[in-house]
Amino acid sequence: MNKIRNRILYYYSSGSPLRYGRKLLYLKHVASFFARKRIADSLANDSKTQAGLRELEESGFLPLGPNESSLYPELEKAANERIKSNVSAKPFASRDYFGQLLQAEDFKTESIFVRFALQEEYLKLASTYFGHVPKLLTVSLLQSKPTEGDWTESQLWHRDYDDSRILKIFVYFTDVTSAKNGPFTYIPAKISKTVKNEFIPRRISDAAMAENGGASHGKAVLGTKGTTFMIDTARCYHQGSRCKDSIRVAYLATFTSMAPLYPALSKIDASTTLSPLEALAVGD
């Protein structure tokens, strides 16, 4: 009986094409979906949002410029405090080469780490990209450490499979100006779509990606502290944290659809009064 159960879980696991069957579990959200869609449609009426949407649809990547947000100075100050606190980063997803610097209070909506992600400009872009107001699943401040030996886990080429679209905001809090600094590196969505993988997708080595023809299209996101960008990690193969001679620190905010293919509980704690748009982004 356990073997049968494990096989079922395997085929419906994150990454399996059969996981789309999970959407049937979300029929109860139909009314909420159309309400969120109406709001998203009303937000997509300015040229800047439309230009960003076209770029995201085309490549899955959108540069947001260095330090453009009015909230960036506050985010930078809070990030520096976390970096200087000398608290050891908690290993992230059992990976010892990078860890989480945020504390429990940083997931509350009063925190700058959450408020930065909930800025109207970002919510407008995310909503028009998803076609409805999405869910802010979590925020992170990840510290990547120099590693020796072979690359492993997320240092290898992969896509994220928790949903058909997963939009992440990145902000570098260290200079990432060379390959040794562990830059986030991605393959544009159209090229990623042609990369062959198994029924249950696996991580891909550099050699295998080169053989697949995707490696030559890889784009390293280089920039100084404050470099900010959006990336769809479900549509784009990507890798990073390949640090060789320095620590890399990056802020991440992760958006999924209101009903992701692979269920995950939001880590955001709604501790303050929110606007209607913000409340949808952190609610169920």
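The legends below describe close-up views of a predicted model.

Local features are given where pLDDT is at least 70 and side-chain atom pairs where pLDDT is 80 or more, while totals for chains, interfaces and linings use all residues. Residues are numbered from 1 along each chain as its sequence is written, and side-chain values use heavy atoms, with hydrogens and water left out.

**View 1. The chain as a whole has nine helices and 10 strands.** Helices (H or I, at least four residues) and strands (E, at least two) are DSSP runs, numbered from the N terminus. Of the 284 residues, 50% count as buried; buried means under 20% relative accessible area, exposed over 50%, and partly exposed in between (1.4 Å probe, protein chains only). The accessible surface comes to about 13900 Å², and carbon and sulfur atoms account for 54% of that surface. Areas come from the Shrake-Rupley method with a 1.4 Å probe; for residues, only the protein chains shown count as cover. Among contacts (heavy atoms within 4.5 Å) between residues at least 6 apart in sequence, 87% join residues at least 24 apart.

**View 2. Helix α3 covers residues 47-59.** The 13 residues of α3 reach 18 Å from the first C-alpha to the last, close to the 18 Å expected at 1.5 Å a residue; the expected span is 1.5 Å times one less than the number of residues. Thr49, Gly52, Leu53, Leu56 and Ser59 are buried in α3. Seen down the axis of α3, these buried residues fall within an arc of 160°, so they line one face of the helix. The arc is taken from the directions from the helix axis to the C-beta atoms. An α-helix has 3.6 residues a turn, so residues three or four places apart point the same way. On the other side of α3, Ser47 and Arg54 are exposed.

**View 3. The surroundings and ends of α3 are shown here.** The buried residues of α3 pack against the helices α2 (30-43), α6 (120-130) and α7 (189-192), and against the strands β1 (61-63), β5 (167-172) and β8 (228-232). At the start of α3, a side-chain oxygen of Asp46 comes to within 3.3 Å of the backbone nitrogen of Lys48. After α3 comes Gly60, with a positive phi near 80°.

**View 4. Helix α6 is mostly covered.** Nine of the 11 residues of α6 are buried. Among them are Tyr122, Leu123, Leu125, Tyr129 and Phe130, and also Lys124. Just after α6, Gly131 has a positive phi of about 85°.

**View 5. Arg82 lies in helix α4, residues 72-84.** Arg82 is buried, with a relative accessible area of 16%. The side chains of Arg82 and Asp106 make a polar contact of 2.8 Å. A polar contact is a pair of N or O atoms within 3.5 Å; within protein, one must be able to donate a hydrogen and the other to accept it, and residues adjacent in sequence count only if both atoms are side-chain atoms. Leaving aside neighbours within four places in sequence, Arg82 is in contact with Leu101, Leu102, Gln103, Glu105, Asp106, Phe113 and Leu141.

**View 6. Lys225 is found in the loop between β7 and β8.** With a relative accessible area of 27%, Lys225 is partly exposed. The side chain of Lys225 makes a polar contact of 3.5 Å with the side chain of Glu76 and one of 3.2 Å with that of Asn80. Lys225 and Asp175 are 50 residues apart along the chain, and their C-alpha atoms are separated by 4.7 Å.

**View 7. Three strands form an open antiparallel sheet in the order β7-β6-β9.** β7 (219-220) and β9 (238-239) stand at the edges with a single partner strand each, so one side of each is left without a neighbour in the sheet. Two strands pair if DSSP finds at least two bridges between them. Strand β6 (residues 185-186) pairs with β9 in the antiparallel sense over two bridges. Tyr186 stands opposite His238 in β9.

View 8. Glu153 is in the loop between β4 (135-144) and β5. The phi of Glu153 is near 45°, a positive value in a residue other than glycine, and at 35% relative accessibility Glu153 counts as partly exposed. Ser241 is in the loop between β9 and β10 (248-256). Ser241 is not a glycine either, yet has a positive phi of about 60°; at 5% relative accessibility, Ser241 counts as buried.
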